[in-house]
Amino acid sequence: VTIGAAATAASSHPNIDPQRSVFINCPYDDEYEQLFDALLLTVVTCGFVPRSALESGSVSASRMDRIFTAIDSSDFSIHDLSRCHGEGEALLARFNMPLELGIAMSCRRHAGRHDWFVLVPTDAPYARFVSDLTGFDLQRYDGKEDSIVQNVMGWLVTFSQALPAKPSDVLNRLGMFRKKKAELKAEWNQIPWRHLVETATQVAAGPPAAPNHVASGAL
Amino acid sequence: MKVFVSYSGAKGETGRQLRLALEANGIDSTDASALPSAAREWSSGVKRELRDSDAAVFVLEPGAERDPYLQQEWRLALEQWWSGAEKPMIPVVKGDTPLPAFLREWQAIRIPPDGDVTAAADAVVATLRHAGARPDTAPAPPSQESEAKQERLDQIRAAATTLQPSNDELAQQAQLLAERCRELERTQPDSLELARARIACSDVLKTMGRKEPALQQLELAIKILEHHPDAARRLARTRMNAGTLMQELGRDRDARVEWEKARDAYLTIDGPLSVNAMIVRTSLIALLKRIDDNAAADAEQATLNAGVQAVATTAFDVLRSTVRRGFEWLTGKLEGAGQKSKGGES
């Protein structure tokens, strides 16, 4: 029933080709922000429309409906499980990200399409933590922005619908992206997804920053 | 000369035939077929074979990009390429199989759907020995690539405009948030929860173009946040957002007050090199110039310039110290190795 509902909801974005849509499943907090910026700009630089549960705002539809809609209307998804560890005094782990990976895997099995890509930390014993994923090719990375750019881009450019790109195309523009994002932050508490994507396309289309530009980009 | 031949294990006949044809032409070849199947060993085996080869040949057949092993080989080859191992990559394409993006800048050698690989092997050999001798397909010229990129980015930007709630959905969100605010006013009137709900409500109202009520929500949120010292950063950000709305509504003097408070709050939270305070200052300077308080604008500009300079100097110092530590570590290693070597000789 839920998948049927998601399919209906997905039709609300008729202009977006699923073959060029990438659902991003990652933490949306301050601690992850630098990596998120790198991830979003990589997806756009490779010629894909980044999708997220955040794109449709906050409260009018249930969170699960929004996630189903975004995943169901994307042929690709990226899942960063690197932050699925114990947090706080009770050492509780957040399960949203593995749950969304499960939805994406189900999408591939039932809809016959959808490629997913999983990032995990370099040293985590994932074979024990998510033993069901043993045998799958989980991409290990060290939690740094150049590493996430190289890994994600290395996956996206293996598809024919991607734009050719190299990591420096993103890394040399990250400062400019952050500068423009800071301007948006002055305006919005939670920057609307649409504005983030539009800003990323402007930066990806522009020239790479000179080194002194990158420094001022931190503003 | 040795080449790594990457081909789909499931449809491997073309790849295997190509390897035989290359060997017949005196080119040593290798592939991933004999590597151990366990993921880690397989992956390090492919890396080793790629490293030990002078070039990589990619056999592309319909459905190739859905083969996870093949895709992993491509990623490992790219990883080496991006790490500086600039060895030739030669796509050999069967039929009209589309090229993956990373191979589009390489000249592709095409094999008809029912053709044999002999001619392709000859072309690979010619390409290896006399670069570019037998390309069937030239890569797109840079200007064409750049136009294609711009067109795609325009398409993404156009798609992004649909990635927001419809007006009806926004109205529904605003109504739900207003109800939530009313409930919290009754049950938890001074809570952070209420401040957060008002801020969220403000974003929705702003998206709908209703700036006055959006600002009212922010002003109410600020009053609550002022009583929560643990929410100082949120208060500073909310003041910044409120100042932006005030300026848009022509309330320049109120905007100035909010931005000055936001600047001071960030300086207290982050210290004198606060990047957030610099961001606020940038907006403040433009506002001060517009209201003709040039003395204040100049003072802010001077502080901003000094701050930017200090941040750049700090970043340079960190870089210099990292390089020096790396150099000392390397020198220590080399000296240690030298002593070991001398010890071995004695």
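Ala, Val, Leu, Ile, Met, Phe, Trp, Tyr, Cys and Pro count as nonpolar, Asp, Glu, Lys and Arg as charged, and the others, Gly among them, as polar. The exercises below apply these classes to a predicted model.

**Exercise 1.** Determine how many cavities of 30 Å³ or more there are, and state the volume of the largest cavity.

*Solution.* The count comes to 2 cavities of 30 Å³ or more. The largest cavity holds about 100 Å³ of space.

**Exercise 2.** Classify the residues that line the second largest cavity.

*Solution.* 
1. The volume of this cavity is about 30 Å³.
2. Its lining consists of A:Glu187, B:Ser202, B:Asp203, B:Lys206, B:Leu218, B:Asn241 and B:Leu245.

**Exercise 3.** Identify the element that gives the most residues to the lining of the second largest cavity.

*Solution.* 
1. Two or more residues of this lining come from each of α7 (192-207) and α9 (232-248) of chain B.
2. The greatest contribution, 3 residues, is that of α7(B).

**Exercise 4.** Describe the lining of the largest cavity by element and by class.

*Solution.* 
1. Among the lining residues are B:Phe4, B:Leu50, B:Gln80, B:Trp81, B:Lys87 and B:Met89.
2. In chain B, β3 (55-60) and α3 (68-82) are the elements that give two or more residues to this lining.
3. The largest share, 3 residues, belongs to α3(B).
4. By class, the lining has 9 nonpolar, 2 polar and 1 charged residues.

Methods:
Residues are numbered from 1 along each chain as its sequence is written. Chains are lettered from A and ligands numbered from 1 in the order in which they are written. This is a predicted model: local features need pLDDT of at least 70, side-chain atom pairs count only at pLDDT 80 or more; totals for chains, interfaces and linings use all residues. Side-chain values use heavy atoms; hydrogens and water are left out. On a 1 Å grid over the protein atoms alone, a cavity is a set of points where a 1.4 Å probe fits but cannot get out, and a pocket is an open set with protein on both sides within 12 Å along at least five of seven lines; lining residues have an atom within 4 Å of a point. Grid points are joined across faces, edges and corners, and a volume is the space filled by probe spheres set on the points. Helices (H or I, at least four residues) and strands (E, at least two) are DSSP runs, numbered from the N terminus.
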